[in-house]
Amino acid sequence: MDYSTYWSILDTPSKSIQSNSVFLFIAFGAALLWFLAKKFKKDKGDGDKTIILWATGVFAVLGLAGYIMLTFFYQDRSNEKTLEMLNSPTTPRVEGIISNFERTYRERKEIIEKFTVNGIQFAYGDAALGKFNSFSQTNNNVIFDGQKVRITYSSGSAYCDNCNSILKLEVAK
């Protein structure tokens, strides 16, 4: 059976922002603030302008240094390690047809969806913070009873006992 990847843990926001780009934003932001302070801040002789220029200059230099270090010397390899883990034969994987799909509401705000594939139960919810760590796209019309899927998963879910968390969801073409 041929599958296409619908979702992977690599698609989460926590995996899409790299630390070196954060340092680059800090460097650019501080450099912009330094330029604006240099151009528009009036020097009243009380040292305010000097302090602002030094502080923003230090942040710009440290941001640039952090960017260079994380880009060229200490590269982030977490995406490669995650992909390696997803493709590892030791990572649990199940292939089959979705059954027992149910949608429940917790405290009338959060939607929890549960289903089973070959006796293995999965659960996820649409909590705002949950989206940063796991599959949580409720009401997506992709997961339904009778849908043929292949799921790479990890044990444990915050949404129910004896449930598993989805790391990668592949849907039959």
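T104 is placed in strand β2, which spans residues 93–106; helices (H or I, at least four residues) and strands (E, at least two) are DSSP runs, numbered from the N terminus. This is a predicted model, in which local features need pLDDT of at least 70, side-chain atom pairs count only at pLDDT 80 or more, and totals for chains, interfaces and linings use all residues. Residues are numbered from 1 along each chain as its sequence is written, and side-chain values use heavy atoms, with hydrogens and water left out.

The chain holds four helices and six strands. Along the sequence they follow the pattern β-α-α-α-α-β-β-β-β-β. Of its 173 residues, 35% count as buried, where buried means under 20% relative accessible area, exposed over 50%, and partly exposed in between (1.4 Å probe, protein chains only). Among contacts (heavy atoms within 4.5 Å) between residues at least 6 apart in sequence, 60% join residues at least 24 apart.

Helix α2 (residues 19–40) packs with helix α3 (residues 48–73) at an angle of about 155°, their axes being 7 Å apart. α2 is therefore roughly antiparallel to α3, a term for angles over 145 degrees, whereas under 35 counts as roughly parallel, 65 to 115 as roughly perpendicular and the rest as oblique. Axes here are lines fitted to C-alpha atoms, for helices over the stretch in contact, and angles run from 0 to 180 degrees between N-to-C directions. The residues of this contact comprise 17 nonpolar, seven polar and two charged.

α3 has 26 residues and reaches 36 Å from its first C-alpha to its last, close to the 38 Å expected at 1.5 Å a residue; the expected span is 1.5 Å times one less than the number of residues. Its buried residues are K49, L53, T56, A60, G63, G66 and T71, and these pack against α2.

F23 lies in helix α2. Leaving aside neighbours within four places in sequence, F23 is in contact with L62, G63, G66, Y67 and L70. F23 counts as partly exposed because its relative accessibility is 32%.

T104 counts as partly exposed because its relative accessibility is 32%. With neighbours within four places again left aside, T104 is in contact with E110, I111 and I112.

The table gives a C-alpha pair for each of these residues.

| Pair | Separation along the chain | C-alpha distance |
|---|---|---|
| F23 and A60 | 37 residues | 9.1 Å |
| T104 and K114 | 10 residues | 8.3 Å |

How values were computed. Nonpolar A, V, L, I, M, F, W, Y, C, P; charged D, E, K, R; others polar.
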